Amino acid sequence: MPANEDKAEGGPPPPPKLAVPSSSVEKQQAQQQQQAQQKRTPDTMPDLTKPQAEKLPYKRLKELCSARGITLPLGTSRDEIIDLLTLNPSNANGNGQKKERPWKAMRISQHPQYRRYLKLLKIVRLDEIKVYDMMVRDGCATNDVNAIFGTTSINDEKKQQTDSKLIPDTLPRMGRNKTEEFHPSSHPAHPIDSKQPNVSEWNKMEVAKKSESGSSGVIFCLLPKGVVVLKSGNSLGEEMFGGMVAELLGLNVPKIRLVSHRTGEYAAVQNSVRGKVSIATRVAISRILQRQNLGVMEFVKGKSLVTMEEYPKKDALKQIGGILALDVVLNNFDRLPFIWHNSGNVDNIFYSDGNMFALDNRVVCPTSQTARDHHLQKVELLCKNFKKGTITETKEWVRLQECFSTRTYMGHLRKERLQEIAQGFEETVDKIVEKLTLEKLDSILYELEREIPEVESEFWSAQIRGIDSQFIFSIVQMFKKYFHAGK
């Protein structure tokens with residue numbers, strides 16, 4: 001009987017097997033494959049490219065490191081794990097761990113000679129191969145390259161990545177670090193040849209940087225055609241007046257254009273500059289940008305008088321004499337200690353393409369009669385000593401010699417060079433007497449006052465009204481008395 005046969009076999013029959021859906025079978029097979037993948041030894045695992053690793057989640061990257069026997073220190077970032085997994089075997093030690101590049105342990109502040117390249121590696125996170133190529137193109141010595149990348153050549157990695165898209169075609173936008181990498185002297189000067197606003201060029205501005213010198217400071221801005229300089233302050237009107245006087249006398253000065261707060265260009269300047277600098281730089285330049293009016297000035301590409309190592313030629317020396325005469329008639333004491341008892345600011349004279357350029361040509365008109373008389377007395381004493389022909393012995397010219405000896409790299413100002421400067425001084429005085437009439441000075445003031453109507457900017461009008469044409473003309477008359485007495 002069937003029942004007895006079942007008992008003879010040792011128990012009840014087994015339960016019938018349930019049918020497993022095909023989807024569940026596929027799921028089980030996938031789990032088994034994943035477990036087998038995790039149990040692979042490093043030798044049987046396929047190589048992982050960097051683009052593939054970047055698509056994996058952080059948890060999966062850690063699992064791959066564990067499977068390959070790579071020990072991760074606490075706090076290892078995702079980028080560091082990707083570097084370990086995509087490492088060329090020639091750059092790994094016996095435990096499968098990465099040989100650290102020297103630059104990872106280097107601090108930027110402790111290695112100023114490598115500052116640019118360390119920032120690109122540590123902060124911008126530019127690919128090592130790109131930075132390596134930059135150092136080679138810049139002509140860095142082999143010892144400097146090895147100091148950053150180690151003695152192991154990076155060329156092997158470079159060969160493997162040639163066909164990939166890991167090497168960027170252009171440098172990335174560096175954000176706040178791009179401001180520090182911006183060197184105005186390495187770019188051409190943007191022409192300031194029109195008074196018409198150009199909003200589109202400001203919208204295309206690449207980077208801005210505040211100057212590291214000067215009391216109020218200026219902002220260097222890189223536009224598509226080159227660099228311009230932004231400046232403001234309580235003396236902007238006085239500087240523009242001095243620049244117009246200098247142009248009238250044939251002296252080299254940077255062109256400057258006024259930007260009113262009521263124009264669209266003003267808004268474009270504000271938005272572009274504030275959007276292209278770091279937060280720290282934004283705070284530093286806020287004092288300049290908060291003014292109602294800004295000056296867009298031409299950038300002079302060259303060397304300041306302080307950094308020049310040898311004296312220029314005859315024509316440039318004569319131009320220094322012309323700048324001295326300009327300072328006397330404007331009472332601009334913030335350049336050379338000529339008739340003023342101060343150290344001056346020699347950085348306000350630039351040498352560019354064989355010519356001397358005068359920067360910050362501010363006119364200073366004393367408000368008290370005593371101060372005016374004192375300045376006129378110094379001008380009269382200068383004229384008397386000059387006409388005696390003993391410029392090497394008078395205190396004004398001796399003070400100038402001391403300035404060149406102590407404030408510049410050019411050293412002692414010899415007698416023949418001093419005479420060239422004196423000749424340029426006398427030639428410019430003749431132009432001052434000829435061209436700076438009272439009517440001309442008043443016309444310059446009128447032209448400046450029309451730049452911005454008084455109803456729009458009382459502050460600008462107050463600056464222009466502070467310029468006294470009568471005081472300036474009295475200095476012109478003093479020059480005429482001693483230099484044109486017999487003419």
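Which helix is Glu420 found in? I looked this up in what is a predicted model. Glu420 sits in helix α18, which runs over residues 415–435.

**Entry 1. Glu420 and its surroundings**

I listed what Glu420 touches, not counting residues up to four places away in sequence, and got Lys314, Leu317 and Lys318. I then took the C-alpha distance from Glu420 to Lys318: 5.5 Å, for two residues 102 apart along the chain.

I followed Lys318 further. Its side chain meets that of Glu427 in a salt bridge, 3.3 Å from N to O. Lys318 belongs to helix α15 (residues 314–330) and Glu427 to helix α18, so this pair ties together parts that are 109 residues apart in sequence. I noted Glu427 as partly exposed, at a relative accessible area of 34%.

**Entry 2. The whole protein**

I stepped back for the totals. I count 21 helices and eight strands in the protein. There are 487 residues, of which 43% count as buried. I also checked how far apart in sequence the contacting residues are. Among contacts with a separation of 6 or more, 70% come from residues 24 or more positions apart.

**Entry 3. Other salt bridges**

How many salt bridges does a search of the whole structure find? I got eleven. I wrote down a few besides the one above.

Arg372 pairs with Asp468, and their closest N and O atoms are 2.5 Å apart. Arg372 lies in helix α16 and Asp468 in the loop between α20 and α21, so the pair ties together parts that are 96 residues apart in sequence. Arg372 counts as buried, at 18% relative accessibility; the cut-off I used for buried is under 20%.

I also found a network: Lys231, Glu239 and Asp360 are joined by salt bridges that share partners.

A local case is Glu63 with Arg60, where the closest N and O atoms are 3.4 Å apart. Both residues are in helix α4 (residues 58–67), three residues apart, which is about one turn of the helix. An α-helix has 3.6 residues a turn, so residues three or four places apart point the same way. I have both partners down as partly exposed: Glu63 at 30% relative accessibility and Arg60 at 21%.

**Entry 4. Helix α16**

Is Lys378 buried or exposed, and what is the nearest side chain of opposite charge? Lys378 is buried and has no salt bridge; that nearest side chain is Glu396, 9.6 Å away. I placed Lys378 in helix α16, residues 369–388. Leaving aside neighbours within four places in sequence, I found Lys378 in contact with Ile339 and Trp340.

I looked at Cys383 next, which is also found in helix α16. Cys383 is buried, with a relative accessible area of 1%. Again leaving aside neighbours within four places, the contacts of Cys383 are Met478, Phe479, Tyr482 and Phe483.

Which residues of helix α20 are buried? For this helix, residues 458–465, I listed Trp460, Ser461, Gln463 and Ile464. Seen down the axis of α20, these buried residues fall within an arc of 155 degrees, so they line one face of the helix. Glu458 and Arg465 are exposed on the other side. I then asked what the buried residues of α20 pack against, and found α12 (236–248), β4 (256–259) and α19 (438–449).

In helix α21 (residues 469–483) I checked Ser469. Ser469 counts as buried at 10% relative accessibility. Not counting residues up to four places away in sequence, Ser469 touches Leu438, Leu441, Asp442 and Leu445.

**Entry 5. Cavity**

I searched the whole structure for cavities of 30 Å³ or more and found one. The largest cavity holds about 90 Å³ of space. Which residues line the largest cavity? I wrote down Lys231, Glu239, Gly243, Val253, Pro254, Ile256, Met297, Ala358, Leu359, Asp360 and Asn361.

Notes:
Residues are numbered from 1 along each chain as its sequence is written. This is a predicted model: local features need pLDDT of at least 70, side-chain atom pairs count only at pLDDT 80 or more; totals for chains, interfaces and linings use all residues. Side-chain values use heavy atoms; hydrogens and water are left out. Buried means under 20% relative accessible area, exposed over 50%, partly exposed in between (1.4 Å probe, protein chains only). Helices (H or I, at least four residues) and strands (E, at least two) are DSSP runs, numbered from the N terminus. The arc is that of the directions from the helix axis to the C-beta atoms. Contact means heavy atoms within 4.5 Å. Lys and Arg count as positive and Asp and Glu as negative; His and the chain ends are not counted. A salt bridge is a side-chain nitrogen of Lys or Arg within 4 Å of a carboxyl oxygen of Asp or Glu. On a 1 Å grid over the protein atoms alone, a cavity is a set of points where a 1.4 Å probe fits but cannot get out, and a pocket is an open set with protein on both sides within 12 Å along at least five of seven lines; lining residues have an atom within 4 Å of a point. Grid points are joined across faces, edges and corners, and a volume is the space filled by probe spheres set on the points.
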